[in-house]
Structures are given as C-alpha cells and as structure tokens.
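Subject: Structure handover and findings

Hello,

Here is the structure for your files. Please open it alongside this message.

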Amino acid sequence: SQHLSNNPEQKLADICFTANSGRTHMSHRLAVVASNHQELITSLNNYNNHQTTKNLHQGETENKPKICFLFTGQGSQYQQMGEKLYQQHPEFKTTVDKCAAILEPHLNEQPLLSVLFGENQHLLQQTGYTQLGIFVIEYALYQLWQSWGVKPDVVMGHSLGEYVAATVAGVMSLESALLLVATRGKLMQALPSNGAMAAVFAPVEKISPYLNNQNNLVEIAGFNGAQNTVISGDANAVEQVCQQLEKAGIYVHRLSVASGLNSRLMEPMLEAFAAVARTIEFKSPQIKFVSNLTGKPIERVMDADYWCEQIRRPVQFAQGIEWLNKEGYSCFVEIGAHPILSGMAQKIVADSNYNFLPSFRRED
C-alpha cells in the first residue's frame, strides 16, 4: 500500500488493477461497492470487524472465468455518451483526446470532441460522425478496463464494433483503424438515402418466403439469434416486407437508419473503400478473435478483401455466441455505450451461470 498514489481516484484504480492482475491464483474473493476512497476504507474496516453491509460481497472460486469482450455496433450511440467518464477518468479522457487529435485531418466540418461532448452533438446522427464516435468511445472504454487489470481472453465485435475488436487485438494500428472507420463512414454517408433495415423477431425460415417475393431487393443482414433476424435493402421493399410480416403476426422493429447496411446497396462504395484499405498493414490477431463473417475464430488474413466482405455480408453474431458458449466462455463484458449485445447473447445461451457486464448504460 505504500506505493499507492496519493490521488484517491488513482488509488482505487491501483487496488482494482492489483486485485485483477496479481491475485488470480487465490480462490477467495471480496467485492466492495464504493463511490469514493473514504467509503472504501469504511467498508473494509467493517469487514475486518465482522460487520456485514449491503455493499460487501464475498465468495470463492476455483477457476478464473474465461472472459469475452463484446464490442457494440451502430445503433448504440446517443448524445453525451461517455461524457461523465471523460470528465472523471484520466485514462478514458487521455485516450479520447488522442483519438481526436489523430482524426483532425480527416474531419472537415467539426472536431470530434465538439460532436461527442460539445455544441455539435446533433452531428452524431450523421453516419460519418456516428461511426467514429462509437469507435472512439469503445476504444477508450477498452483502455479503461485494461488500466483496471481486466483483460479479455477473446474478442468479438458486431459490424462496426469489429473494427474496435480488431484494433485492440493488434490486427491494425489505432491510426489505421481511425482512417478506415473515417473512410467507411464518409462513403456510407455519401450513398443515396434509399435504404432501410428492420429487426424481425422470427427465425430465418419464416422470413425467407417474404424476401423471395422482392426480387433480391431485401436481404438478410444479420443473424442475431434464433428469433432475431435483421433484414436490409431498398426502403420501399423493406417496408412492404415489414407490413406483410406484421399481417402474419410477426413482430417487426424498424431501425433508425437511412442505409441498407450489409446489403447490395453498399456495393457502390466498396471500390473506393478497398483502395484505402489496401494502404493499411494488417497483422494476425494477438488475442483470439471471433469473426463476423463466420462466427468462428479468424483463420484468414483480415485484409482489404475481408473488410469489404464485412460491409457486404451478413453479421453472424448468433453463431459467434454459440461458438463461445461451446468453448466455455462464461463472462461477457460489453464494450459499448449501451448493452445491446448482452441482451441478444443472453437469449442465445439462456443460462443463468453466465455473467453479462455492461460498461455503462444510456441512462448512466
């Protein structure tokens, strides 16, 4: 304890880091919920005096859980996301500021910080800023978890979230990832606003007949669970399918997007995107990495062709969770502004022995 920082916030971080990185071989655990340094000391003194309180939890474990970090995709964004963390946690602020500085040459209208926390937060709904905002918040969250000594055994992202997963896994540098996401967002925003997406709460087999009647204008964009399928494509055709499904008694949730992600509507941007992606050096993941394209550990180089396919082909999220379940991963930490993936994953595994931990929520 004599080596701990005098700063109360940093002292708490030091204790958390030591507990997570240097005591894993010990089986007994004590968890203390405290909002400040003094409250932590009081709680620990109560424990030493055999006084039980609601903010003290203890238990015993035989094995360290296998941890998966899930990186949320587009749709998790909202104004002021991460602002409290930015104000209160130096590690988080430093990472966000670093990303904002790297992005300065790529943002012609407004700097990132003014969009995330300043006077231009309305721009966060524009695809070019949406994707960058999500990436930066998630990358900073990852660095914050790392500073506390919590590290993943495997990573998996959902659509845009896969770029963050690839970056923390060492597939590409932070500078390269930000360039790629900035390019992706600008090119998608420049596409005609004639696309739409919807989450259909039914299996693919029930949905496919309705898609076949639309002359390939509507496609499957994501497999999020046995009862959660995302469709994407031409806006008029998607709306027709939604209405037909609703008449058949199937619940449909129309997504707030102007693009048909993971559909043929993305094809006009792929050549320009690939040209930028080919300038980037891609490496093998240094952390086990579950791919959006297969729902299994990556077995190919995540090169320009991979990232073009990742834009065009459906997200195999359900298959990825099923693989993680089979391999014994029991602790899922969602690295995102709102725990969207945790809810979907819980329905897939349906097992109370699993732990799903959000980084924070929309109302936090």
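Below are the findings, grouped by topic.

**Ground rules**

This is a predicted model, so local features need pLDDT of at least 70 and side-chain atom pairs count only at pLDDT 80 or more, while totals for chains, interfaces and linings use all residues. Residues are numbered from 1 along each chain as its sequence is written, and side-chain values use heavy atoms, with hydrogens and water left out.

Helices (H or I, at least four residues) and strands (E, at least two) are DSSP runs, numbered from the N terminus. Buried means under 20% relative accessible area, exposed means over 50%, and partly exposed lies in between (1.4 Å probe, protein chains only).

**The second largest pocket**

Rolling a probe the size of a water molecule over the atoms shows where empty space is left. A pocket here is an open set of points on a 1 Å grid over the protein atoms alone, where a 1.4 Å probe fits, with protein on both sides within 12 Å along at least five of seven lines. Lining residues have an atom within 4 Å of a point. A volume is the space filled by probe spheres set on the points, and grid points are joined across faces, edges and corners.

The second largest pocket holds about 960 Å³ of space. Its lining has 40 residues. Gln74, Gly75, Leu255, Ser256 and Val257 lie nearest the centre. These elements each give two or more residues to the lining: helices H6 (127–147), H8 (174–190) and H14 (340–349), and strands S5 (195–200), S6 (218–225), S7 (228–234) and S8 (252–254).

By class, the lining has 17 nonpolar, 20 polar and 3 charged residues. Ala, Val, Leu, Ile, Met, Phe, Trp, Tyr, Cys and Pro count as nonpolar; Asp, Glu, Lys and Arg count as charged; the others, Gly among them, count as polar.

Gly222 sits in strand S6. Gly222 counts as buried because its relative accessibility is 3%. Gly222 and Gln121 are 101 residues apart in sequence and 29 Å apart in space, C-alpha to C-alpha.

**Salt bridges**

Side chains of opposite charge can pair when their charged atoms come close. A salt bridge is a side-chain nitrogen of Lys or Arg within 4 Å of a carboxyl oxygen of Asp or Glu. The whole structure has 9 of them.

- Lys93 pairs with Asp97, with the closest N and O atoms 2.8 Å apart. The two are 4 residues apart in helix H4 (residues 90–103), so about one helical turn separates them. Lys93 is partly exposed at 34%, and Asp97 is partly exposed at 24%.
- Arg300 pairs with Asp303, the closest N and O atoms being 3.9 Å apart. Arg300 also bridges to Glu309, at 3.0 Å between the closest N and O atoms. Relative accessibility is 35% for Arg300, 26% for Asp303 and 24% for Glu309.
- Glu219, Arg264, Glu267 and Arg312 are linked in a network of salt bridges.

**Backbone and buried parts**

Helix H7 (residues 161–168) is mostly covered, with 8 of its 8 residues buried. Among them are Glu162, Tyr163 and Thr167. Just after H7, Gly170 takes a positive phi of about 85°.

Most residues other than glycine have a negative phi. Ser159 is not a glycine, yet its phi is positive, about 55°. Ser159 lies in the loop between strand S4 (154–157) and H7, and counts as buried at 11%. Asn262 is not a glycine either, and has a positive phi of about 55°. Asn262 is in the loop between S8 and helix H11 (267–277), and counts as buried at 5%.

Val276 lies in helix H11 and is partly exposed at 22%.

**A surface patch**

Leu30, Leu44 and Tyr47 form a nonpolar patch on the surface, with about 220 Å² of accessible area together. Patch residues have over 30% relative accessible area and no salt bridge; nonpolar side chains (Val, Leu, Ile, Met, Phe, Trp, Tyr) are joined within 5 Å, like charges within 9 Å. Accessible areas come from the Shrake-Rupley method with a 1.4 Å probe, and for residues only the protein chains shown count as cover. Leu44 lies in helix H2 (residues 37–48) and is partly exposed at 33%.

Best wishes
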